[in-house]
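Colleague: I would like to learn how to read a model like this one. Please take me through it feature by feature.

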Amino acid sequence: MNITARNNVQVSGEQAITMVFAHGFGCDQNMWRLLAPSFEQRFRTLRFDHVGSGKSDLSAYDRSKYGSLHGYAQDINELLDEFVPGPAIFVGHSVSAMIGMLADLERPGRVIGHVMVGPSPCYVNDGDYVGGFEREDIDELLATLKSNYLGWSSNMAPVIMGAPDRPELGAELTNSFCQTDPEIAEHFARVTFLSDHRSELPRLHTPSLILQCSEDIIAPIVVGEYMHRVLPRSTLRIIDNVGHCPHLSAPSASAAAIDDFLHELT
Amino acid sequence: MNDAPGGDPLYEDAACGLLLTQADGTILHVNRTFCTWLGRVRDDLVGQRLDTLLTIGGRIFHQTHWMPLLKMQRSLSEVKLEMKHADGQRVPMVMNAVIRTRDGREFHELAVFSARDRHKYELELLKARERAEEHLRNEQESQKALAEARAGLELAIDAAQLFQWSVHMPDRERRYDPSVALLLGYSDRRVIEPAEFTSRIVADDRHAEAGALDAFLDAPLGRFQVVFRVLGVDGVQRWIASWGRPRPDASGSTTHLVGLLQDVTQSQRQRAEAEDRALLAEQTLGIVGHDLRNPLAAIQMASEILGLRVLDGGQQFALGERIRSSARRANRLIADLLDFTRARTGRGLNLSKTVVDCHVVARDVVAELSTAHPARLLRHTDIGDTRMTADGDRIGQALGNLISNGLTYGSPDTAVTVSSEGREHSVRLSVHNQGMPIDPGLRPTLFEPMTRGESAGHLRSVGLGLYIVREIAVAHGGHVDYMSDEASGTTFFIELPRLDL
């Protein structure tokens, strides 16, 4: 199997430590365009698309393998085997923070630090635990995905206007970024938002940074606090940001917080 | 935002909803059209964040798709999301958005279009798509089931070593499955043209096979069936059974005869062997039951007479001679029977060859039979050198059988002449008698132990004598034949090659 093609792997740099950037549910590795350059001077970087997202090989999408986050974690370990000879820092956004944790627990010793951007071990409220969503909310999300089928598969191109602002990104991006096979998107959403990996958290002894946004409906601040309590060697940093993607809307503050964590780590 | 539009009817009552938000989505301005569509007053909306107007699914979409895309592209078009009306209903909206930077601050401008009809239309499309997908799934499943059934049938046909063929009925064009090549002695599958197949049918059967097929195609009812032989490229002759049935197509008319071929060589051979075994048993029983009964009856009668009263010397001698003669005949029958069964079961006759002089063999047999038949005239003539390597006892046995026949069927008042003649490459032994010639109809089967095809119950032993004679001749590499007509009588001769010379 060609892992490079399967996961559309992009590696740059020759440094000893590799930062592995894993995107979350929704878009693809382009999510890291504003953040990753801050680290390219000091680290080798590896970016990739999860199977089913971006420019990955859609034919490799196996519903039973990717029916749980373990399937994605298996891919992470294969990526590490193939492309990362030295130590790795795993930067995972949203659901990928948990995927990185599962990969580390499966094959410990290779990841020296986790940067978890907007992580959540469980999105659904459960007794005293607050995940931010009720089970009905998730069902409604899945229903929305179904009924917005055509909307999801549209490519949401930029507006064509008389005097547009200069787009910061090339046009090539608009053709794949966030454009997903609707059925895979729905399946990935189901697997993501119904996952529950709270029980694994106490077993992860790798140093971890929890990058928490001040206002995030997907990963509310109580979830970041919960994770900090349960994760043995974690640091919690709260960034003043509205939304779930601080690496896009607050790249500088995000980079600064990660820098602090990496200084302590390396 | 002093320069923001306000009060202008073109803005307030535009044919679309218009919004201005901060980078975090907080609404700064909103026009009347948008307020009307959502059933809200402006003061409710200003200061709220855009995503709070969305459904939960929409909010997640907004976070995971809308925001990243807008950030990257600086603008978005035709994103459809549902917004919450004041009355709780959902209003599907299509939205365009663009990021503007003014005085170093980022603002988002949105144009929003009600999309109820489009939404309905899309839902119809989705339903149609789901139906189409279900049909496709059903179709794929039935295709799969069909493929599995077909594969199963192919396997079963292959396991049974059956081979497919078909005839396109309108033009009588035959088609053979590539596996038929195996029936024709090829080691692998290959295209078999109808002409090649026909040419491989042995000449005697070709006409019958073609005739049977033509007759069936003229009146295609029931089942086609024919058995024929083919000569394979490997030199092996095989018996092939061919079956077929007309296959109606979807419209109900039959355009094809479809069928199977099977190699029935083994069962054909087994049937022939079974027939042979049955015949052998019948012949053996016939000989035991019929031929052997006569001498035994003679012996029994003579011994009863001997036990009844005291006879004079001449009578006693005659009865003793009859017992001896009958016992000899019974012995010979038993010896013939043993030879016969050996030959018929494929074990052949035992030969023990030495150098023999056929004159001497013939003279001894003639002398012996003259003694046994004092009333008959037996002559012997010898010509040339008849020494050869052969089984003398067997030759004597064969000659004895021929002489016994000559005495039985020849006219009692004429001589039976035996001659032994040495030729350059062979020795010829012949026995001649006068009398009724042999029915020419018997010629093809005269040397067979019994005539095949005779109706049951009519089978009768014709004696094994001539069969044994032929077997002995053949065992020596020679042959036996005869000439028979009214004028010159009947002459049997055995021609034995001098293999050692």
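Modeller: Start with confidence. pLDDT is the predictor's confidence in each residue, from 0 to 100. This is a predicted model. Chain A averages a pLDDT of 88, and 88% of the residues score at least 70.

Colleague: Where in chain A is the pLDDT below 50?

Modeller: Over residues 162–173 of chain A. Beyond near neighbours in sequence, that stretch has twelve contacts in the model.

Colleague: Next, burial. Why is strand β6 of chain A largely enclosed by the rest of the structure?

Modeller: A residue is buried if 20 or more other C-beta atoms lie within 10 Å of its own. Strand β6 spans residues 208–215 of chain A, and six of its eight residues are buried, so the rest of the structure largely encloses it.

Colleague: Which strands does β6(A) pair with?

Modeller: On pairing, look for bridges. Strand β5 (residues 111–117) of chain A runs parallel to β6(A), joined by four bridges. Here Val115(A) stands opposite Leu209(A). Seven bridges join β6(A) to strand β7 (residues 234–242) of chain A, also parallel. Ile210(A) stands opposite Leu236(A) there. From β6(A) the chain crosses through helix α8 (residues 221–230) of chain A to β7(A), a right-handed β-α-β crossover.

Colleague: And the cores?

Modeller: In soluble globular proteins, nonpolar side chains tend to be buried together. The largest nonpolar core has 96 residues. Val115(A), Phe21(A) and Leu211(A) are among those with the most contacts inside it. A second, separate core has 33 residues, including Ala343(B) and Leu378(B).

Colleague: What does Phe21(A) touch, not counting residues up to four places away in sequence?

Modeller: Its contacts include Trp32(A), Leu46(A), Arg47(A) and Val91(A).

Note on methods:
Residues are numbered from 1 along each chain as its sequence is written. Chains are lettered from A and ligands numbered from 1 in the order in which they are written. This is a predicted model: local features need pLDDT of at least 70, side-chain atom pairs count only at pLDDT 80 or more; totals for chains, interfaces and linings use all residues. A residue is buried if 20 or more other C-beta atoms lie within 10 Å of its own, exposed if 12 or fewer, and partly exposed in between; C-beta atoms are placed from the backbone. Helices (H or I, at least four residues) and strands (E, at least two) are DSSP runs, numbered from the N terminus. Two strands pair if DSSP finds at least two bridges between them. A crossover is right-handed if, with the strands pointing away from the viewer, the path from the first strand over the helix to the second runs clockwise. Two residues are in contact if their C-beta atoms, placed from the backbone, lie within 7 Å. A nonpolar core is a set of buried Ala, Val, Leu, Ile, Met, Phe, Trp, Tyr and Cys residues joined through C-beta atoms within 7 Å.
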